[in-house]
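Subject: A structure for you to look at

Dear colleague,

I am passing on the structure below, and after it I set out what was found. Please keep it open beside this message as you read.

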Amino acid sequence: MSKGVARLGRRHRFFLQMFLICLLLLVSFALPLGFNRLTILWQIVMVLLLVLNLGEPGTVPGATRLTDRSYRALGLAALLSQTVWVLTPLSLRHTGVPVLGLWSLFVAWSTLRLVQVIAQEKQVNGRVLMGAAAGYLMLGLTAGLLFSVLETVQPGSFNSIHHNGGQLLVPRHMPGLGVQQVWELDFVRLNYFAFVSLTTVGYGDILPVTPLAQIASVSFSVIGPIYLVIVMGLLISRLTSQEVNEAVELAAARAAEDEELSG
C-alpha cells in the first residue's frame, strides 16, 4: 500500500471519529443531570483526536515541524487549562480565564487546519462530508464551552427568561457558593444558545448581557456562516470536477468502443 493511500485512509478514519465524538457530545448534553457530565470526557477525547491527527507531521500542506509541534502544545495546554477550571471550586472561578484564550486559539487553528485537510480531497464521499460536519459541530461545542466559562467567570453574562432572576449558572448571591465545583454545574442551556448563535436563529429566550458576552455571541454568529460558505465552496468545486472527470472518462470509453466497432 502506498503512502498516499495509507494517509487517505487515516484521514477518512479521523473524519469519522471526529463526527462520532461530536455526536456523542451532543447526545451527552441531552442526558439527565449527572450523566451529562460525560461531556467532559468526550471533550478530552475530541482534543486528543485533533492533536494526534491534525498535529501529525505531513498532514497539513505547507506546515513545518515547528508549527505542528506548536499546534500540539497549544492543544495540550488548552486541555490542561480546561481540566484545572473544571476541578476548581466556584470561589476560584477566575481559573477559567486561561481557558477562554487557549481554547479560542486552539479551535481557530484546528478549524483552519481541518479546512486545509478537507481541501486535499479529490472526491466527495460520506467520510469527507462527516469531516466537514464535524468541523461545524466542533465550532458550536466550542462556543458552548466558552460561553459556559464566561458565565462562571462573570456571573450574569447571559440572562434567561426560564430562570428566576435570569441567572443561568451561578447566582450572584448563594450561601455555600464557594464550595461548589465547576463540574457540578449544568451547561446544557448555554450549549443550546451556542448553536442558536452559530446558526443565527436567535429565539430570544437567552440573551447576552455584558459587552464581552455580546461580542462573543456576535463573533460565533459570523463564524458559522463563514465556515459553511468556505466548506460548501470546497465541496461543490470537488463535486463539479468529479462530474467533469467522470463525463470525460465516459466519453473516452464510448469513443474507444466506437473505434472497435468501426474497426
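Arg113 is buried, with a relative accessible area of 3%, where buried stands for under 20% relative accessible area, exposed for over 50% and partly exposed for what lies in between, computed with a 1.4 Å probe on protein chains only. Before going further, please note that this is a predicted model, in which local features need pLDDT of at least 70 and side-chain atom pairs count only at pLDDT 80 or more, while totals for chains, interfaces and linings use all residues. Residues are numbered from 1 along each chain as its sequence is written, and side-chain values use heavy atoms, with hydrogens and water left out.

Which residue forms a salt bridge with Arg113? The partner is Asp68, and the closest N and O atoms of the pair are 2.5 Å apart; a salt bridge here is a side-chain nitrogen of Lys or Arg within 4 Å of a carboxyl oxygen of Asp or Glu. This pair links distant parts of the chain, since Arg113 is in helix 4 and Asp68 in helix 3, 45 residues apart. (Helices are DSSP runs of H or I with at least four residues, strands are DSSP runs of E with at least two, and both are numbered from the N terminus.) Asp68 is buried as well, with a relative accessible area of 1%.

Arg11 counts as buried at 13% relative accessibility, and Glu121 counts as buried at 4%.

There is also a salt bridge between Arg10 and Glu56, whose closest N and O atoms are 4.0 Å apart. Arg10 lies in helix 1 (residues 3–29) and Glu56 in the loop between helix 2 (38–54) and helix 3 (65–87), so the pair ties together parts that are 46 residues apart in sequence. Arg10 is partly exposed, with a relative accessible area of 33%, and Glu56 counts as partly exposed at 30%.

Helix 1 also packs against other helices. How do helix 1 and helix 5 cross? Their axes come within 8 Å and cross at roughly 40°, where axes are lines fitted to C-alpha atoms, for helices over the stretch in contact, and angles run from 0 to 180 degrees between N-to-C directions. That makes helix 1 oblique to helix 5, because angles under 35 degrees count as roughly parallel, over 145 as roughly antiparallel, 65 to 115 as roughly perpendicular and the rest as oblique. The contact (heavy atoms within 4.5 Å) involves residues including Phe15, Leu16 and Phe19 of helix 1 and Ala133, Ala134 and Leu137 of helix 5. By class, this contact of helix 1 with helix 5 has 16 nonpolar, two polar and two charged residues, where Ala, Val, Leu, Ile, Met, Phe, Trp, Tyr, Cys and Pro count as nonpolar, Asp, Glu, Lys and Arg as charged, and the others, Gly among them, as polar.

The axes of helix 1 and helix 4 come within 12 Å and cross at roughly 130°, and these two helices are therefore oblique to each other. Their contact is made by Arg11, Phe14 and Phe15 of helix 1 and Leu114, Val117 and Ile118 of helix 4, which divide into five nonpolar, no polar and one charged.

Thr199 has its place in the loop between helix 6 (188–198) and strand 2 (206–208), and is partly exposed, with a relative accessible area of 35%. Thr199 and Pro225 are 26 residues apart in sequence and 7.4 Å apart in space, C-alpha to C-alpha. Just after helix 6, Thr200 takes a positive phi of about 60°.

As for the whole chain, there are seven helices and two strands, and 41% of the 263 residues count as buried.
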